[in-house]
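Subject: Structure handover

Hello,

Here is the structure you asked about. Please open it alongside this message, as the notes below refer to it throughout.

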Amino acid sequence: MSDITIFPASKIITMNSYQAVATHVAVRDGRILGVGSLDDVTGWGDYVINDRFADKVLMPGLVEGHCHLWQGSIWRYHYLGYHPRVGPDGKVYEGLESIDAVSEKLVKIEAAMPDDDTPLVAWGFDPIYFGGRRMDLRDLDKVSTTRHVVVLHSNGHLLNVSRSVLAAANITSAINIDGIAKDVYGEPTGELQETAAKSMALNAIGLDYNTEASEKLSLENFGRLACQTGVTTATDLHNGLSEEFVRNLVTWTNDDDFRFRIAPAFAGISVPTDRGVARMAELVKLNNDKLRFGLVKLMTDGSIQGMTGRLRWPGYYNGAPNGIWNMSPDQIYTTVQAYHDAGYQVHIHTNGDEASEVTINAIEAALAKTPRRDHRHTLQHCQMADESQYRRMAALGIGVNVFSNHIYFWGDEHRTQTMGPDRARRANAAATAIRLGVPFAIHSDAPVTPLGPLFTAWCAVNRLTASGYLLGPNERITVAEALSAITLGAAYSLKMDQEIGSIEVGKRADFAVLEDDPTAIAPVDLKDIPVWGTVLGGRIFSARDED
Ligand SMILES: [Zn+2]
């Protein structure tokens, strides 16, 4: 039998500038051998035709440049989000529209639990939708005064915990750490903001959702979601990379049934930088076709909707105090310099515009000390950057991966509570980034918002909030620009554009198989295009007939 397979399609959108569309793609050894008409691709020798996609549209496999593998493990816990959400089982989990509904659900969950010491863990909670009323110990006392209860906020930056967790973590009025919320009497309220405070509680009860994400079932869940959304390459963009996590990833990515490529980013401040640099050198030796170590992730500020983002003057529209640094500005300078000097690519979380400013300054300083071309350091989220910041990023070769899904999920709240009507117009300024020549991608930050690059593209193209408000019309981008951002743009940000991101000879045969042509429909319908499944290295994965 021939080792060449030719796939005809109703249309192939290549993202390759010298041949933007085609009808046939030939695949050999998991790579693209030829693209064009049938005539163009038959010259390589014997072939078989696989016409399974004859009535479908092929795109390069979609690349999610900022998400987290715990999207695959988090469904073992209870969903408390405001918006309805589809689980990996295909079931729709209802949204909870008031803080009372959240409390009632927690009480019900607890009542159904065995009478043992299993912690109750829930996720997706977001008080910004409830007029800003925060959850506190009184709410969780109603759930249990003895069981460990942990409520993860949807932004991933905050937690609420029950009294028993505070006790186990020894968090009292006497502990003064930024991020332990306290009431007027100085007593902890149970809300823990950002890394230092959060990790006290998580470590005390042994909850490590980053490592849980590497278990086989979690990876299968993630793979199912990836297939359903056309994703063939994903990131795990902040992980301490425990020995167990690394061992699991090395094992499972070597399995033929593993249906996505994964680029985990090492949490750069989880260990001192000299140890981090040494660890990176070991990790990259473990890389294979589907596993790509080599990225470093740094956290600077917190979350804008969690009021822990760091904003420049005039600060939060609702008067909330400025947010929290996960790394101090001094630490941002020294850490960026250390990983930059060691030759690694650094992805840096910045939400508020003060965090972006400090980070741009830090990269500028690192480059002044150690000049380096094509470093591809990338600001992640960068939700409030203005034109002057984008101009500096362009001059310094800094890329951006903006959080376009925010426009839909929190655009209304940014207008009315966090940024105000003026600055919200430039939230996730995709058009400005493109116009000023900043290397550009868009993302979901799943599980913060659902994985789904076509939905993310829809957000960047239409800029409609959940209430239907058009937020910052001048920052809308074209469908072609958005499709480039979820393929080549994201691949470039991962330094993988030489092997994925377009349907082009020599690249990996990774395709998203769509039921409709995203360039032929109304832009407002982009999010509704059904995804048939994916092809990864020439191997076909259907979103429906799996397992
Ligand atoms: Zn993230």
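How many disulfides does a search of the whole structure find? The count is zero. Keep in mind that this is a predicted model.

**Cysteines**

Cys227 takes part in no disulfide. Its nearest cysteine sulfur belongs to Cys67 and is 15 Å away. Cys227 counts as buried, because its relative accessibility is 0%.

With a relative accessible area of 0%, Cys382 is buried.

**Zinc site**

Which residues coordinate the zinc ion? They are His66 and His68, each through NE2, and Asp445 through OD, at 2.1 Å. Along the chain, the donors of the zinc ion are spaced as H-x1-H-x376-D.

Why does this spacing matter for the fold? His66 sits in the loop between strand E6 (62-64) and strand E7 (78-79), while Asp445 sits in the loop between strand E21 (440-442) and helix H16 (453-462). The pair therefore ties together parts that are 379 residues apart in sequence. Both ends are covered: His66 is buried at a relative accessible area of 1%, and Asp445 is buried at 6% relative accessibility.

**Nonpolar cores**

The largest nonpolar core has 136 residues. Leu69, Leu106, Tyr390, Met393, Val400 and Phe440 touch the most other members. Take Leu69 as an example. Beyond its neighbours within four places in sequence, Leu69 is in contact with residues including Ala213, Leu219, Phe222, Phe245, Leu249, Phe260 and Ile262. Thr235 and Asp236 are also among the contacts of Leu69. There is a second, separate core of 16 residues; Phe7, Ala9, Leu58 and Trp532 are among them.

**Helices H13 and H16**

How do H13 and H16 cross? The axes of helix H13 (residues 405-418) and H16 come within 6 Å, at a crossing angle of roughly 65 degrees. H13 brings Asn405, Ile407, Tyr408 and Phe409 to the contact. H16 brings Phe455, Thr456, Trp458 and Cys459. By class, six of these residues are nonpolar, two are polar and none is charged.

H16 is mostly covered, with ten of its ten residues buried. Pro453, Leu454, Trp458 and Asn462 are among the buried ones. Arg463 follows H16 and has a positive phi, near 50 degrees.

Val161 lies in strand E12 (residues 158-161). Its relative accessible area is 1%, so Val161 is buried.

Glu244 is in helix H8 (residues 243-253). At a relative accessible area of 37%, Glu244 is partly exposed. Leaving out its neighbours within four places, Glu244 is in contact with Thr211 and Ser214. Glu244 and Glu212 are 9.4 Å apart from C-alpha to C-alpha, and 32 residues apart in sequence.

Best wishes

Definitions and conventions
Residues numbered from 1 in each chain as written. Predicted model: local features only at pLDDT ≥ 70, side-chain atom pairs only at ≥ 80, totals over all residues. Heavy atoms only, no water. Disulfide = S-S within 2.5 Å. Buried < 20%, exposed > 50% of the residue type's maximum accessible area, 1.4 Å probe, protein only. Donors = N, O, S within 2.8 Å, 3.2 Å for Na, K, Ca; no water. Helix = DSSP H or I, 4+ residues; strand = E, 2+ residues; numbered from the N terminus. Core = buried A, V, L, I, M, F, W, Y, C linked by side-chain atoms within 4.5 Å. Contact = heavy atoms within 4.5 Å. Axes fitted to C-alpha atoms, helices over the stretch in contact; angles between N-to-C directions. Nonpolar A, V, L, I, M, F, W, Y, C, P; charged D, E, K, R; others polar.
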